[in-house]
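Please work through the exercises below with the sequence and the model at hand. Each one gives a task and then a solution in steps.

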Amino acid sequence: MKINSVYIDGLKVIEPAIYQDDRGYFFESYSQVKFAEAGISDNFVQDNQSLSHFGVLRGLHFQTAEHAQAKLVRVISGSVIDVAVDLRKNSPTFGKYFSIELNDSNNLMFYIPVGFAHGFISLKNNTIFSYKCSKAYNKDSESGLLWCDPALNINWGVHSPVISTKDAILPNFNPELLYF
């Protein structure tokens with residue numbers, strides 16, 4: 001398993017060692033020991049899974065205050081563009097985003113620490129997306145940013161995505177706010 005940092009501090013891309021033979025494949029999708037060695041010490045307490053069809057965009061979401069979540073995400077089947085927006089006010093990359101394609105061919109995983117908004121868009125029908133969270137979901141602490149905010153200028157790679165009513169009315173990013 002390789003755990004690599006990217007240009008936004010704290011984000012990590014995990015490339016599992018995949019063992020294939022004529023029966024199929026095997027890989028370790030989580031190792032507390034290996035993650036801790038790479039500086040990921042979160043205790044994941046909740047696993048979530050979603051099914052999305054082509055063009056479904058979910059996000060940009062985050063939990064606030066004591067319910068803020070770190071996430072470890074991956075695609076079980078299908079493909080997504082996964083996006084994390086840095087909302088840490090004192091970060092040199094505050095307001096910047098990182099995106100990566102996660103799919104069932106590359107089997108990459110993406111670690112997103114507390115302090116980021118997160119979202120993804122499905123690039124295939126019947127995409128199964130899985131994520132571990134370091135805190136349980138709390139409805140009163142849910143928040144988000146508008147997926148198409150021109151200040152963020154995120155390239156989702158799909159025109160006319162399918163958006164939930166809730167995600168369609170999220171606010172724009174405001175650099176004057178203290179998110180984290």
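## Exercise 1: The largest pocket

**Task.** In this predicted model, find which elements each supply at least two residues of the lining of the largest pocket, and describe that lining by class.

**Solution.** Begin with the elements: strand E5 (46-52), E6, E11, strand E12 (127-133), strand E13 (142-144) and helix H2 (165-168) each give at least two residues to the lining of the largest pocket. Among these, E6 provides the largest share, 5 residues. Next consider the space itself, which amounts to about 500 Å³, and then its centre, to which His61, Lys71, Tyr131, Tyr137 and Lys166 are the closest of the 24 lining residues. Finally, sorting the lining by class gives 8 nonpolar, 11 polar and 5 charged residues.

## Exercise 2: The largest cavity

**Task.** Determine how many cavities of 30 Å³ or more a search of the whole structure finds, and state which element gives the largest share of the lining of the largest cavity.

**Solution.** The search finds 1 such cavity, and the space in the largest cavity is about 70 Å³. Its lining includes His61, Lys71, Phe116 and Phe180, and by class it has 6 nonpolar, 5 polar and 1 charged residues. E6 and E11 each supply at least two residues of this lining, with the largest share, 3 residues, coming from E6.

## Exercise 3: The largest nonpolar core

**Task.** Name the residues that touch the most other members of the largest nonpolar core, and follow the contacts of Leu87.

**Solution.** The core has 19 residues, of which Leu60, Val85, Leu87, Leu145 and Trp156 touch the most other members. Two or more of its residues come from each of strand E6 (57-63), strand E8 (79-86) and strand E11 (116-122). Leaving aside residues up to four places away in sequence, Leu87 touches Phe62, Phe94, Gly115, Phe116, Ala117, Leu145, Phe173, Tyr179 and Phe180. Ring pairs, in turn, link Phe62, Phe94, Phe173, Tyr179 and Phe180 into a cluster.

## Exercise 4: An aromatic pair

**Task.** Classify the ring pair of Tyr7 and Phe98, and decide whether Tyr7 is buried or exposed.

**Solution.** The structure holds 11 aromatic pairs. In this one the ring centres of Tyr7 and Phe98 are 5.7 Å apart and the planes stand at 65°, so the pair is edge-to-face. The pair links distant parts of the chain, since Tyr7 sits in the loop between strand E1 (2-5) and strand E2 (12-15) and Phe98 in strand E9 (residues 97-103), 91 residues apart. Tyr7 counts as exposed because its relative accessibility is 56%, whereas Phe98, at 11%, counts as buried.

Methods. Residues numbered from 1 in each chain as written. Predicted model: local features only at pLDDT ≥ 70, side-chain atom pairs only at ≥ 80, totals over all residues. Heavy atoms only, no water. Core = buried A, V, L, I, M, F, W, Y, C linked by side-chain atoms within 4.5 Å. Buried < 20%, exposed > 50% of the residue type's maximum accessible area, 1.4 Å probe, protein only. Helix = DSSP H or I, 4+ residues; strand = E, 2+ residues; numbered from the N terminus. Contact = heavy atoms within 4.5 Å. 1 Å grid on protein atoms, 1.4 Å probe; cavity = no way out; pocket = protein on both sides within 12 Å on 5 of 7 lines; lining within 4 Å. Points joined across faces, edges and corners; volume = space filled by probe spheres on them. Nonpolar A, V, L, I, M, F, W, Y, C, P; charged D, E, K, R; others polar. Phe/Tyr/Trp six-rings, centres within 6.5 Å; stacked < 30°, edge-to-face > 60°.
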